[in-house]
Number of protein chains: 2
Amino acid sequence: MTRPLPAEMHPQRWGDPARAAALPESTRGLVELAFGLDPRPVVADAPLPASGLDDALLDDLRDRLGAEHVRTDDDARRLRTRGKSTPDLLRARAGDLADAPDAVVRPGDHDDVAAVLAWAVAHHVAVVPFGGGTSVTGGLVARREGYAGLVSLDLGRLRRLLRVDHESMTAVLEPGLRGPEAEALLAAEGLTLGHYPQSFEYATIGGFAATRSSGQSSAGYGRFDALVVGLRVATPRGEWRLGSAPANAAGPDLRQLVLGSEGVFGVITEVAVRVRRIPTATVYEGWRWPSFDVGADAMRTLAQAGMLPTVIRLSDETETAINLARPDAIGPSTGSGTDPGCLMITGFEGEPTAVEARRTAVTAVLTGLGGTPLGEEPGEAWAHGRFDAPYLRDAMLDVGVLVETMETATWWSNRARLYADVRAALTDSLGEGALVLCHVSHVYETGCSLYFTVAAKADEDALPQWRAAKAAASEAMVAAGATITHHHAVGTDHKPWLTREIGELGGSVLRAVKADLDPTGVLNPGVLVP
Amino acid sequence: MTRPLPAEMHPQRWGDPARAAALPESTRGLVELAFGLDPRPVVADAPLPASGLDDALLDDLRDRLGAEHVRTDDDARRLRTRGKSTPDLLRARAGDLADAPDAVVRPGDHDDVAAVLAWAVAHHVAVVPFGGGTSVTGGLVARREGYAGLVSLDLGRLRRLLRVDHESMTAVLEPGLRGPEAEALLAAEGLTLGHYPQSFEYATIGGFAATRSSGQSSAGYGRFDALVVGLRVATPRGEWRLGSAPANAAGPDLRQLVLGSEGVFGVITEVAVRVRRIPTATVYEGWRWPSFDVGADAMRTLAQAGMLPTVIRLSDETETAINLARPDAIGPSTGSGTDPGCLMITGFEGEPTAVEARRTAVTAVLTGLGGTPLGEEPGEAWAHGRFDAPYLRDAMLDVGVLVETMETATWWSNRARLYADVRAALTDSLGEGALVLCHVSHVYETGCSLYFTVAAKADEDALPQWRAAKAAASEAMVAAGATITHHHAVGTDHKPWLTREIGELGGSVLRAVKADLDPTGVLNPGVLVP
């Protein structure tokens, strides 16, 4: 490991406390103009509810894990209270820590995890698996009613690179490794995973698997579910190993049942992944498109021609204009005059010759379709700020602006409708003053994702305002036949719409698998399973 | 539909009765030399067991489907007795039709299928979904004990192309469409599925999905599980629709639970697939390699460089030598002198410019790694005979040679061990006189498949001989940590080894899902679920 690890997350904000900052001046003026500035203080040192778990119960665990790995102190509990969705932050900022776990347990290996599960089953304690704490869908807000207590199962000590197979280009990683840690360990072997979601600096390998994460370079490297070739899972009924071959016909692919299971079927303790050699050439570029529709059609052309770059994303007119005015913000500018159009970022990674060949081919296609090349500066600017947007959200919340992101995906022929419907739903819910930005960040032969960022003047109590907007957008997604989530997972926030997407029988199957693997229901109760 | 459909299968042989033939002369001499010729007559007009289903029960179905679609005549029942594995054929040839269904029901649409399932549940009748009847793993040999009877649910009337979305490049196909029928319907739209397993001429869309089929062009087009974007399933508990987007994070991917479910969870009534434009250029070529190891390493290099052709396959030394001696057989010759080495076939399909670019790049890599180009003749010969091997098996059985194929897959670093172990197991079981051929036909970044063809002088009763060889090979596969099947599915023949591969918990999960969707267990009882 060559890079310093990021510190623990701030309990009431995103990410590294040292990187939290006020709104940059350039943005502040814009925000004031659009929404007014209405400072919202963060409640400091809010009291935690007393730990509800009998200390004698915890002593059993202390004997097994060591006392230092079974914590009930305020700091440990505060840091593992909920995740980082906007409602999670609103509650934390208001000093509401009602969802704090009674204890934080930190197993050191698979057998420790199994022991914690056996203990939880024996005493009917709810267990919330905790990786980076970056859930934005309430995936860490488990139900505690009916349980003797609730513990956060922090996987942060399972952070080893267990095996590397250079011939097969696979590696076995432990679930508690954060993105940069995993990349550093692999880099020492000349390898990379190439998985860079916005949460990369804090999110973990286990979390990527448990939520079917998708990264900014997934066009080139594949979604995380496509990277996983094997899994080891600790369940209340024992160990489960999956992954006999790259592909097989030995019944349903049960790996795909664990991927996306959000800790409700078991705790992932090892993840075998496909790896790639570290790219020796990397180029990011910007393109200007006359409209979102024309740019999206160009993406479709590339995907269907099998010519996708490693990274490809496209901002709509609003997101492009806002980014132009806020050069430090989510994305870079198109560098043009009065009509910025729509900004696309393309990125190529690999061997220099292959990168140049792909880039040349893509350039020819995009130019032919009406794109204007903007050179490398917009691409570099995007790459530089690619993990920073969540810090900006905190700064906006500080001045009374409600900011949230939501994402979906659909088939190409349904893209324009979905885009219009979700925008309309958000604007109807939040009022004309709201800003709705959108980009396409994940592209397939048959369709694409849509990622919305919305900003509005926050009500005095912003939670009901958020709930209404979220419900309106979610309703628009399922009504359009699209998915409720392309890469943020279900958690508790998306659960009300899940059955509309996977059917009553889909819900029934999830309950059946849950009942089979976790018969007493101690794992992440209330999350995912409808 | 522009092409004539193949006729119904011969009940005791593979494929079109009109294409059944004696061993070609060139092969006959070789076979005589290796095994002797020991003609084994096929029992003609073997009697069927009487239909065990009460006619009054069937009248309910006749009211619904029409009398002509509920058949109990000998022809209909004989044609749907078991599949086309070597043991299935051995039994059929011996006149053993004990597994004949009591009736054959032919629903016309999804609602008909649902009605048949409701009827089966009400009367506790076992239902065996039937597509092309091409199973080679006993997938059609369901258990009948404990049921009022057993019906074959023939999906042959569900053969429509329901929808085409040219923008999203998807199509919705009914499950009863055979490979050539589906391709003909899509071709009228300028599209192709590109799915060509050896069973292509008879196997169906529903069967491809239910067994996680993989085709000879899957390197270029993707395995069938990668082509499926949506499913409609009739279950005993009602309709189930899946597929909201190209990819999502809305919990586990339940499509992957239906794919490979072999009719035990429900009957697939619609399959939404990703399609491609019909290639305007196609080139198949041959390459000679000094050894199987060197050739396989070259495949690995291409896969890991992201340079796979549309088709890529490699025969080992024995298969190459045998094919050289039998130019009409499974594969073409390397065209060389005394040491034929190992034959590789590469195929490129797409737009002419792209095909030429990919071919040039692959040629450079393969030449650099020690391959010798053999030109297009061996490639064309392979493409010409690619669906013919099963006819040859019948001709070999006719002269007393036991022929069987079995396949597996593993990681690259385990390939050589798996190859050696399975060969040794087969030779140990069948004796030194047995011929064991092998090829790699499916290649991934992390590993590959191994496809074995074995021929041996048949014992008087060849079934126990087959069972012992199959068990020895299967044992070697699971002992090596490989999959019991890369693309033939589980059926009943692979079931004894499935739990070793997916774990006790994997078996438990399959039983839980089965109990949830098919609570009375009428669907394909005894198949797949351990």
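This is a predicted model: local features need pLDDT of at least 70, side-chain atom pairs count only at pLDDT 80 or more; totals for chains, interfaces and linings use all residues.
Guide: Two strands count as paired once DSSP finds at least two bridges between them.

Visitor: What makes β8 and β9 of chain A a pair?

Guide: The cut-off is at least two bridges, and 5 bridges join β8(A), residues 228-235, to β9(A), residues 238-242. So they pair by that definition, and they run antiparallel. One bridge to look at: A:V233 has A:W240 in β9(A) as its partner. A hairpin of 2 residues takes the chain from β8(A) to β9(A).

Visitor: And how do you know that β13 and β17 of chain A pair?

Guide: Here 2 bridges join β13(A), residues 311-315, to β17(A), residues 435-440. The definition asks for at least two, so the pair qualifies. These strands run antiparallel too, and A:L314 is bridged to A:V440 in β17(A).

Visitor: Which strands stand at the edges of the sheet, and why are they called edges?

Guide: The order in chain A is β15-β12-β14-β13-β17-β18-β16, an open sheet of 7 strands with antiparallel pairing. β15(A) (372-375) and β16(A) (401-411) each have a single partner strand, so one side of each lacks a neighbour in the sheet. On average, neighbouring strands here are turned by 25° against each other, direction ignored.

Visitor: What lies across those strands?

Guide: Helix α12(A), residues 317-325, lies across β13, β14 and β17 of chain A, at about 105° to β17(A). Helix α15(A), residues 389-398, lies across β16 and β18 of chain A, at about 135° to β16(A).

Visitor: How do you know that the copies meet through the same surface?

Guide: Because 100% of the interface residues of chain B are also interface residues in chain A. The contact involves 67 residues of chain B and 67 residues of chain A. On the chain B side, α18(B) gives the largest share, 14 residues. That side divides into 31 nonpolar, 25 polar and 11 charged residues.

Visitor: What makes V127 stand out in the largest nonpolar core?

Guide: That core has 324 residues, and A:V127 and B:V127 touch the most other members. Leaving out residues up to four places away in sequence, A:V127 touches residues including A:V116, A:L153 and A:L523. Touching means C-beta atoms within 7 Å.

Note on methods. Residues are numbered from 1 along each chain as its sequence is written. Chains are lettered from A and ligands numbered from 1 in the order in which they are written. Two residues are in contact if their C-beta atoms, placed from the backbone, lie within 7 Å. Helices (H or I, at least four residues) and strands (E, at least two) are DSSP runs, numbered from the N terminus. Ala, Val, Leu, Ile, Met, Phe, Trp, Tyr, Cys and Pro count as nonpolar, Asp, Glu, Lys and Arg as charged, and the others, Gly among them, as polar. A nonpolar core is a set of buried Ala, Val, Leu, Ile, Met, Phe, Trp, Tyr and Cys residues joined through C-beta atoms within 7 Å. A residue is buried if 20 or more other C-beta atoms lie within 10 Å of its own, exposed if 12 or fewer, and partly exposed in between; C-beta atoms are placed from the backbone. Axes are lines fitted to C-alpha atoms, for helices over the stretch in contact, and angles run from 0 to 180 degrees between N-to-C directions.
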